[in-house]
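Good morning, colleagues. Please turn to the display, and I shall then present the ligand site and the salt bridges.

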Amino acid sequence: MESYLFPENFIWSTATAAHQVEGNNTNNDIWLLEQVEHSMFKEPSLDACDHFHRYPDDIKLLADLGFNSYRFSIEWARVEPVEGQFSAAAINHYRRMLEACHEHGLKPFVTFHHFSSPQWLLQQGGWESAATSALFARYCGRIARDLGHLIGGGCTINEVNIGRVLISSGMMPPMTKIRQSPGWIEASAQLGITPNELNPFMFAVSEQGRAVVMAAHHQAVAAIRASGSTFPVGATLAVQDIVSVAGGEAIAAQHRQAVNEAYLTDLVGDDFVGVQCYTRHRYDASGPMPPEAGIELTQMSYEFWPEALESAIRQAYATSGLPIMVTENGLATTDDRRRIAYVERALHGVKNCLEDGIPVMGYTYWSALDNFEWMLGYTPTFGLIAVDRQTQARTVKDSAVWLGSVARSNTLR
Ligand code: BGC
């Protein structure tokens with residue numbers, strides 16, 4: 001193959017999320033759900049990757065590898081530990097992270113909400129309560145006012161559609177079942193609310209939940225812009241590459257509408273859309289199908305299907321008309337050679353899109369570090385950099401060196 005030079009200023013990034021890497025985020029809802037006796041989480045996050053303290057070395061390492069950007073999230077529960085009371089120390093922590101990125105030549109992409117929320121928000125109805133959108137926008141406005149001059153790009157909410165995606169793909173049981181599970185009942189009791197009143201972000205799957213999340217996004221964009229910040233801002237979506245098989249056309253179209261299009265058409269006025277994609281999803285006449293026999297599976301039991309990214313970018317652009325930033329793509333594997341093979345194929349898809357004139361701003365690999373994969377704990381390893389759970393020692397994988405050199409040369413060979 002001929003080598004391909006990416007556009008000038010193409011963003012080469014890798015991502016983390018606060019709760020998955022910082023450690024000891026004791027004031028948010030996910031920590032609570034991890035810590036209850038009958039938790040639905042495989043294990044608690046605890047120290048995670050201690051990125052809260054080790055970010056200077058981690059950021060330097062990413063720059064040394066060749067990346068020109070780093071996407072990370074700010075933890076709302078640290079910045080606003082009590083409703084309406086903002087922690088200057090927490091804001092200064094994120095200021096130092098942003099400054100470290102600049103010092104090393106990394107454009108910081110900041111996510112304002114990546115799945116976890118302060119426990120106080122949950123006591124007030126969480127992501128099914130209409131009041132949440134204004135509370136979220138107030139927090140975003142505060143961050144933008146204090147730190148906006150250091151932010152290179154902003155993602156308001158990570159995967160605005162995640163609840164719908166998890167339910168419709170069958171990866172999560174119906175909410176009626178979840179609300180009756182012992183861990184859920186224990187967590188609600190600790191917050192002093194009923195199981196029906198407990199509405200963490202990932203579980204806000206009703207029509208009301210969708211409306212609250214999208215209102216929160218729109219109000220956050222407005223608050224960020226009102227702060228005088230000029231960085232580009234958008235939401236990210238888990239864009240599903242939904243394909244139909246044998247009579248599944250109608251149901252596939254229905255799911256595409258519910259999980260992708262309903263959101264992509266609701267981003268008018270944003271500066272970009274963050275596309276996140278990991279695999280394809282096949283639907284037949286009865287709904288989602290299991291992986292196709294004979295296809296390699298990742299640690300997540302997803303089909304190894306890097307071409308899904310190209311389809312996701314094309315759909316996101318066709319439906320939203322917005323510039324595309326790939327804010328997540330990657331795979332969980334113990335075989336790092338397969339990571340290189342996957343990313344290489346995914347990047348071919350990005351190249352095809354660019355050659356067709358689709359404005360793709362950049363590519364972000366998920367994740368920089370092996371980290372806390374939510375309910376699955378530390379078993380799936382998505383990272384370019386391995387983390388020893390006991391010593392916190394970092395080990396750079398071959399894929400990190402490979403992708404870093406693609407980034408540095410801005411060329412796919
Ligand atoms: C999320 C990440 C997660 C990754 C891999 C995305 O849906 O934004 O937090 O770790 O997928 O499953």
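I begin with the basis of the model and then discuss the ligand.

This is a predicted model, in which local features need pLDDT of at least 70 and side-chain atom pairs count only at pLDDT 80 or more, while totals for chains, interfaces and linings use all residues. Residues are numbered from 1 along each chain as its sequence is written, and side-chain values use heavy atoms, with hydrogens and water left out.

There are 13 residues around the ligand, where "around" requires a heavy atom within 4 Å of it. Nearest among these are Q20, H114, E159, E328 and E373. By class, this shell comprises six nonpolar, four polar and three charged residues.

Which distances separate polar side-chain atoms from ligand oxygen atoms? For E373 the distance is 2.6 Å, for H114 it is 2.8 Å, and for Y278 it is 3.4 Å; a polar contact is a pair of N or O atoms within 3.5 Å. The ligand taken alone exposes 310 Å², of which the protein buries 93%, with areas from the Shrake-Rupley method and a 1.4 Å probe.

I turn now to the salt bridges. The structure holds 24 of them, each defined as a side-chain nitrogen of Lys or Arg within 4 Å of a carboxyl oxygen of Asp or Glu. One of them joins D271 to R225, with the closest N and O atoms 3.1 Å apart. Another pairs R145 with D146 at 3.7 Å, N to O. Here R145 counts as exposed, at 56% relative accessibility, whereas D146 is buried at 17%; buried means under 20% relative accessible area and exposed over 50%, with a 1.4 Å probe and protein chains only.

Key
A polar contact is a pair of N or O atoms within 3.5 Å; within protein, one must be able to donate a hydrogen and the other to accept it, and residues adjacent in sequence count only if both atoms are side-chain atoms. Ala, Val, Leu, Ile, Met, Phe, Trp, Tyr, Cys and Pro count as nonpolar, Asp, Glu, Lys and Arg as charged, and the others, Gly among them, as polar.
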